Amino acid sequence: MIEIRNVQIPNDTRRDVFIPSTRPQTIEASRYTLLPALIDPHVHFRTPGHEHKETWETGVLAAIAGGVTHVLDMPNNYPSCCSLERVLQKKQLIESQLQMADIPLRYGLYLGADRNCFDEIAVSKNEVVALKIYMGSSTGDLLLHDRPSLEKAFQLAAEHQILVAVHAEDEGLIQINRNQYSAVENPQMHSVIRNPNVAAKAVEMAIECAQKFNARLYLVHISSAAELSLIRQAKRDRLSVYAEASPHHLFLSDLAYGHLHTKALVNPPLRARTDVEALWESLQDGTIDTIGTDHAPHTKAEKMQPFGLAPSGFASIELYLALLLNAHHQNKISLKSIIALTHTNVRRIFNLPSNDDCVLVDLEKTKTVTDCSLKTKAKWSPYAGWTLTGWPCFTILKGRVYAV
């Protein structure tokens with residue numbers, strides 16, 4: 001049994017908490033607050049194919065350091081995870097790497113949507129948490145953007161009661177804009193090429209497909225006010241539409257290009273301050289349902305390549321909770337909302353079983369983010385140099401205590 005003594009609960013009470021375990025341990029927790037362990041619905045742990053960026057051995061260390069005990073991993077691997085055979089092969093690799101790390105992280109996998117693999121949807125449905133559609137190009141070769149193929153994917157997902165997760169950027173507009181600005185070398189042009197209209201057009205089409213086939217739709221990394229307006233209306237229309245925000249769209253803006261340069265590249269791109277403000281408002285009114293990190297590690301050398309060669313994305317899972325707790329100190333978000341956005345809503349949307357996993361946080365602990373302290377294999381962060389107040393100190397997973 002794990003005994004957590006005199007711990008603060010977010011409803012302002014203190015009590016002793018007992019968690020079943022084969023490893024008896026007592027934690028004097030008068031300085032800590034107890035939260036449910038986080039579920040990250042959007043990670044890229046890069047296995048198979050890009051293990052030089054991240055593996056499950058390093059990714060699990062980063063997750064535990066961030067108070068995360070359950071992750072849902074995306075299918076844009078090499079090769080893409082778009083068939084039952086590849087899903088099962090990927091699970092074998094994951095299990096092997098987690099065994100090497102000796103940390104039994106909870107996880108689920110997405111099935112990649114590919115027009116040549118539609119038959120895989122029915123046979124894979126019991127092995128995956130959702131079908132992932134890339135309407136716009138990103139890391140990897142998964143892309144599904146023509147209307148007939150989209151409708152076929154939504155129809156099959158609805159028939160087999162599979163949640164549809166969508167990266168919503170319009171590929172046609174991306175290509176038009178990319179050709180128009182092909183000679184520009186400023187990385188800030190990324191936010192022009194993939195502007196809010198690019199995202200909004202794709203969101204609109206995804207909602208139309210979901211409505212037509214009565215499918216459940218999960219829109220990942222929403223980044224702009226234009227998208228939020230469409231999602232808000234879909235919810236008013238009582239459609240089964242859910243939306244995710246990512247930390248970088250909440251805590252960074254397009255001003256970050258000034259000091260991060262190509263390291264600021266991410267898909268969808270960083271937005272204007274007005275879009276950032278709209279996202280924070282949407283956390284309050286329920287338009288955004290979850291926060292998923294879109295943990296997408298690349299090496300620093302890869303990210304420092306010239307615009308056009310540098311990949312999009314960065315690691316963030318281990319700073320997920322600290323960033324939100326710091327925002328809590330700034331009166332931008334309540335602990336209740338953090339719990340809903342990082343645990344309760346994720347579990348409900350993805351129909352995940354409940355468990356006793358939890359995280360003990362020190363709300364008063366202040367620490368500065370440094371690249372060298374990170375557990376991710378990428379070993380760099382756009383938040384390096386930020387001083388944050390509120391950090392996870394113990395993560396409890398399957399009855400085991402991990403000091404972080």
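Reply: Strands are DSSP runs of E with at least two residues, numbered from the N terminus. The model discussed here is predicted.

Me: Where is K379 found, and what is its phi?

Reply: K379 is found in the loop between β13 (358–368) and β14 (387–397). Most residues other than glycine have a negative phi. K379 is not a glycine, and yet its phi is positive, at about 60°.

Me: Is K379 buried, partly exposed or exposed?

Reply: Buried means under 20% relative accessible area and exposed means over 50%, with partly exposed in between. The relative accessibility of K379 is 38%, so this residue counts as partly exposed.

Me: In which strand is the place of N6, and what is its phi?

Reply: The place of N6 is in strand β1, which covers residues 2–9. Although N6 is not a glycine, its phi is positive, with a value of about 55°.

Me: What is the relative accessible area of N6?

Reply: N6 belongs to the partly exposed class, which lies between the limits of 20% and 50%. The value for N6 is 32%.

Me: Which residue does a cis peptide bond join to P48, and where is the place of P48?

Reply: Most peptide bonds are trans. The place of P48 is in the loop between β5 (38–43) and α1 (56–65).

Me: What is omega for the cis peptide bond that joins Y78 and P79?

Reply: P79 has its place in the loop between β6 (68–73) and α2 (84–101). For the cis bond joining Y78 and P79, omega is about 0°.

Methods: Residues numbered from 1 in each chain as written. Predicted model: local features only at pLDDT ≥ 70, side-chain atom pairs only at ≥ 80, totals over all residues. Heavy atoms only, no water. Helix = DSSP H or I, 4+ residues; strand = E, 2+ residues; numbered from the N terminus. Buried < 20%, exposed > 50% of the residue type's maximum accessible area, 1.4 Å probe, protein only.
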